[in-house]
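Dear colleague,

Please find below the structure that I am handing over to you.

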Amino acid sequence: MAVSSAASRAGAQSRSGDQDVAPDARPDRRSRHRRGGDTAAGYLFLAPQLLGLVVFMVGPLLFALVLAFYHWDGFGTRSFAGLSNFTEVVSDPRIQRSAVNTLWFTVLQVPGLMLTGLFFALLMQRAGKLTPVYRLAFFAPVITSSVAVAAIWLWLFNPDISPVNNALRGVGLPAPNWLQDARFVIPAFAIVGIWQGLGYQLIMFMSGLQSIDRSFLEAAVLDGCSEWQKLRHVTIPLLSPTILFLSITSVIGSFQVFDYIYVFFDDRAPDSARTIVYEVVRIAFGEFDFGEASALAFLLFLALLLVTGCQLAAQKRWVHYTE
């Protein structure tokens, strides 16, 4: 009797244990189903953007990479070319000149754009209630069509009626023929690029300046630092993440300059005004050699990838994060 009673108690405990486990397992299954449903809903909402990314970005990129190894005029059958498209691109003197022009434009535009953006951002800190007005005025060219901007500057660079040249003559400086003199064509493009991109740089630098903890600046004042010392040893180091981001995006944008050139010169740009992207468009839609144009575009992609990688690798030496 004692054994049977003990067995019955053990069976009751095991049944009660099963009853205790089962309710806990059911919520786990429900939570897993709920998480699975949330994940599916998330992918469903992302599907249009992912589809657009694949169709309009990844797909054309892969097709251009494959096309770089073929000869194709856009209509007939493709013929395998191997590495001949790449060798022709690298050995073409005109494309080499365009690569030098692109580098020269980058050297002029990127530092000029970042220095002017930082300068005006520092001034905007003292604008007071007029800050939104100035911010709108600076940002207006950014949202303006590049074609419209180029059309305005085409008039400003006109040697006969150019207000820019009149202003230079007024202060005793020589007035160049911006778009006809080979020495000033790329600087003219850089001026237009700086003018249009200044607003974006200004907004980004202002955001970076506002994120700086005021205690750092107050400590510098207590230590007797001048305005220049605060800028050099406090503000700029704390702005280094913003500077890194803007340097990367500015270099990528400068390597892709095309619209100014096409508005200024159409398809008859001289060698002194051509850039890599202009050559890609000319070869693809002027000579109908899509294989060589794809090879040139792929080399440009590799160059941008290399430059961006070097910038990211160098950030360990000069970029400072407060967190």
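R78 lies over the face of Y70, 5.9 Å from the ring centre. The charged end of R78 also sits over the ring of W72, at 5.7 Å from its centre. A charge counts as sitting over a ring if NZ of Lys or CZ of Arg is within 6 Å of the ring centre and within 35 degrees of the ring normal.

Please note that this is a predicted model, in which local features need pLDDT of at least 70 and side-chain atom pairs count only at pLDDT 80 or more, while totals for chains, interfaces and linings use all residues. Residues are numbered from 1 along each chain as its sequence is written, and side-chain values use heavy atoms, with hydrogens and water left out.

A search of the whole structure finds 19 aromatic pairs. In the pair of F63 and W72, the ring centres are 6.2 Å apart and the planes stand at 90 degrees, so the pair is edge-to-face. Rings of Phe, Tyr and Trp (its six-membered ring) pair if their centres lie within 6.5 Å; planes under 30 degrees apart count as stacked, over 60 as edge-to-face and the rest as tilted. W178 and F184 also form an edge-to-face pair, with 5.9 Å from centre to centre and 75 degrees between the planes.

W72 is buried at 19% relative accessibility, whereas F63 is partly exposed at 41%. Buried means under 20% relative accessible area, exposed over 50%, and partly exposed in between (1.4 Å probe, protein chains only). W178 is buried, with a relative accessible area of 8%, and F184 is partly exposed at 27%. W178 and F184 belong to one aromatic cluster, which also contains W153, F157, F189, W195, F264 and F265.

Helix α7 covers residues 185–210; helices (H or I, at least four residues) and strands (E, at least two) are DSSP runs, numbered from the N terminus. The 26 residues of α7 reach 37 Å from the first C-alpha to the last, close to the expected 38 Å, where the expected span is 1.5 Å times one less than the number of residues. A kink of about 45 degrees in α7 is centred on G197; the bend at a residue is the angle between axes fitted to the seven residues ending there and the seven starting there.

How many residues of α7 are buried? The count is 19 of its 26 residues. Q201 lies in this helix and is buried, at 2% relative accessibility. Leaving aside residues up to four places away in sequence, Q201 touches L113, M114, G117, L246 and S250, where contact means heavy atoms within 4.5 Å.

Yours sincerely
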